[in-house]
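Student: Before we look at any particular place, could you take me through how such features are read?

Tutor: Gladly; let us begin with the display itself and then go through the features one after another.

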Amino acid sequence: MPKELNVKHTLTALLFVASVLCGSSIAQTLLRTVNGPFPGIRFGAACIPVPDQNGDGSKDLLVGAPNFNGARGAIYCVSGTYLASGVGAQILWSLAPTGSVDDNFGAALADVGDVTGDGVHDFLVGEPGYDFSTSTGQQNVGAVRLVNGASHGIVSLIRGSYGDRLGTSISACGDLNSNGYVDVAIGGPDYSIVGVVRILDGIVLTQNAEVSTVDMEAVSGTFYGDRLGLSVASGFDLTGDGKSDVVIGVPGFTAGGAHGAGKVVIYDPIQDLSYSVTAFVTYEYLGSSVAIGDDYDADGVRDIVAGAPFFQNGTGYDVGRAVVFSTARVLAQTPPYEIYSFPYGGVTPPTNHADPEPHFHFGTTVSASTDLNNDGVAEILIGAPDYFTQGLSGWNFRGLVRIYSGASGQLLTSVTGGSTDRLGSAIAPNVGDLDGDGFGELALAGALSDAGGTDSGVLRCYRLFPIPASSYCIGKLNSAGCTPFMTANGIASASATTAFPVGALNVVNQKNGLLFYGQSSSATPFQGGTKCVGNPIHRTVVQASGGSASGADCTGSFSFDFNAWIGSGVDSSLTPGAEVFSQYWSRDPASPSHTSLSNALRFVVNP
């Protein structure tokens, strides 16, 4: 039997809502779309990048379709070359094993390395609806099947026990016991009503067995409804013992009377130690999704991303949010534990009873990508598959994925799907540079998309760029009674021959000013206003505001071609992917500080 979760260092954190920059949302460059091949199969419920399957030099994608053939389930391998170029076959191979109705093969996926010893990576596939014996009540025990990466056939089946729904989540852990095989953590959130995560030695994955007879370790929840193991992430050493640790979501956990607040657990299987950070927001279900990210606070330890898709943010609707926790602070019990908090934001209530309620469930999926903009820090992706807006023919249920900069925590861009796509059910951000532009691409899935028939599902591959400019911060009221505000036209680019004019309007006439910028934001009191750019700062050339030739009014303005500045090479940090935070300062002799400040503009240097 699994041991009850013994949290030796339990940390509680009252999670807070922090405002983040919400920039313009545009559809990023869509490279390719692959629709689910049949209606109803929910193609895209899970999606992972896998090593090159056909020798064409590109990573490929393994996609789960757990509702194929009466929900017996299937997996499909999608060609990375097709996603980049549109050339060749979309589907390289597929597998739909014989099973029972509602087995849901393909609900979760993991690359487990070469278990079979044939030199090719193998894959573990979750089947959480697997029934061992309907006559004895062993239904929905769940299972995982090992798929041979070379032959694409089933090697083995390892099943759970009474009602576990084992295989709901899967994550490869690396080789914990140094026997040359990748070990794996498998979630069964319905085990004994509290949930379980079982850690299996990779060497046993070729066996047909009950999981309790072959697992190395198992960690269970404590209370009714914990649902420990609904999400799981591993593959990185967080505690410094040289072996991977396991991050576990416990979304149903209740703390301090806050039912369903949820928590996230860091489990060290080598030292048998557990650490947790607990939420106190009732029914936000923190830990419904988890990921191990980059080192976002530069303390030498990778950090944790967790989704709370039922967080209401005072709206009365389940709009959702995600939080990034500092692993080092969690381990050291040193609050505050949050590095970034990403709430969806406000929503507009329905105008009548026929309108759907905006339960967007932002945070249903979270993912930590590679470094998509080449600034040295990986990005954070958060999905809201139930996001919708009103279109010409009704509510479109496009789904939404927001991409945040790991370096600054600012929103890089947002991606929405086509009508009915419900994009964001799965995120595969590490597919590599498929199109050869020097930047990695990302694949996003919508398992309930109707693009190929009702609930057929869809997989879409995107290029990150172009990324538009967006405004933030608040300008200072000037002596003429106006608040200067920044403008921009076009896209900042390291290669474009067109201008990218960055300017300011509502400026006091006939005064000098300049644009200053840095690579982080700030909100520092400065000369009676707010300095919105973090140090160190760079200053551009002095400009004249022009406007009315006499008197004092708000007819002045500034304009500066930032693309020409990039092209001049005067600042070597302005490389493709760099984030720029900019603001205008100007003279205002009639004000108490004799100066004026605009709001601020953030943009990314596009290739």
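**Reading strands, rings and burial**

Tutor: Strands β25 and β26 are joined by four bridges and pair in the antiparallel sense. This is a predicted model, in which local features need pLDDT of at least 70 and side-chain atom pairs count only at pLDDT 80 or more, while totals for chains, interfaces and linings use all residues. Residues are numbered from 1 along each chain as its sequence is written, and side-chain values use heavy atoms, with hydrogens and water left out.

Student: What makes two strands a pair, and which residue stands opposite V366?

Tutor: Strands are DSSP runs of E with at least two residues, as helices are runs of H or I with at least four, both numbered from the N terminus. Two strands pair if DSSP finds at least two bridges between them. In this case, V366 stands opposite I382 in β26.

Student: In which order do the strands of the open sheet with β25 and β26 follow one another?

Tutor: The order is β25-β26-β29-β30, four strands with antiparallel pairing. β25 and β30 (411–416) each have a single partner strand and stand at the edges, so one side of each is left without a neighbour in the sheet. On average, neighbouring strands here are turned by 15° against each other, direction ignored; for such angles, axes are lines fitted to C-alpha atoms, for helices over the stretch in contact, and angles run from 0 to 180 degrees between N-to-C directions.

Student: Which strands make up the open sheet that contains β22 and β23?

Tutor: That sheet runs β21-β22-β23-β24, again described as four strands with antiparallel pairing. Its edges are β21 (289–292) and β24, each with a single partner strand, so one side of each lacks a neighbour in the sheet. Inside it, β22 (residues 304–308) and β23 (residues 321–325) run antiparallel and are joined by five bridges, with G307 opposite A322 in β23.

Student: How many aromatic pairs are there, once the rule is stated?

Tutor: Rings of Phe, Tyr and Trp (its six-membered ring) pair if their centres lie within 6.5 Å, and planes under 30 degrees apart count as stacked, over 60 as edge-to-face and the rest as tilted. By this rule the count is 24 aromatic pairs. For F43 and Y76, the ring centres are 5.7 Å apart and the planes stand at 75°, so the pair is edge-to-face. F43 lies in the loop between β3 (29–35) and β4 (46–50), whereas Y76 lies in strand β6 (residues 74–78), 33 residues apart.

Student: Are F43 and Y76 buried or exposed?

Tutor: Buried means under 20% relative accessible area, exposed over 50%, and partly exposed in between (1.4 Å probe, protein chains only). Both F43 and Y76 are buried.

Student: Why is the pair of Y344 and Y387 called tilted?

Tutor: Their ring centres are 6.4 Å apart and their planes are at 50°, so the pair is tilted.

Student: What surrounds A65, leaving aside its neighbours within four places in sequence?

Tutor: A65 has its place in strand β5 (residues 60–65) and is buried, with a relative accessible area of 0%. Contact means heavy atoms within 4.5 Å, and the residues that A65 touches in this way include F43 and Y76.
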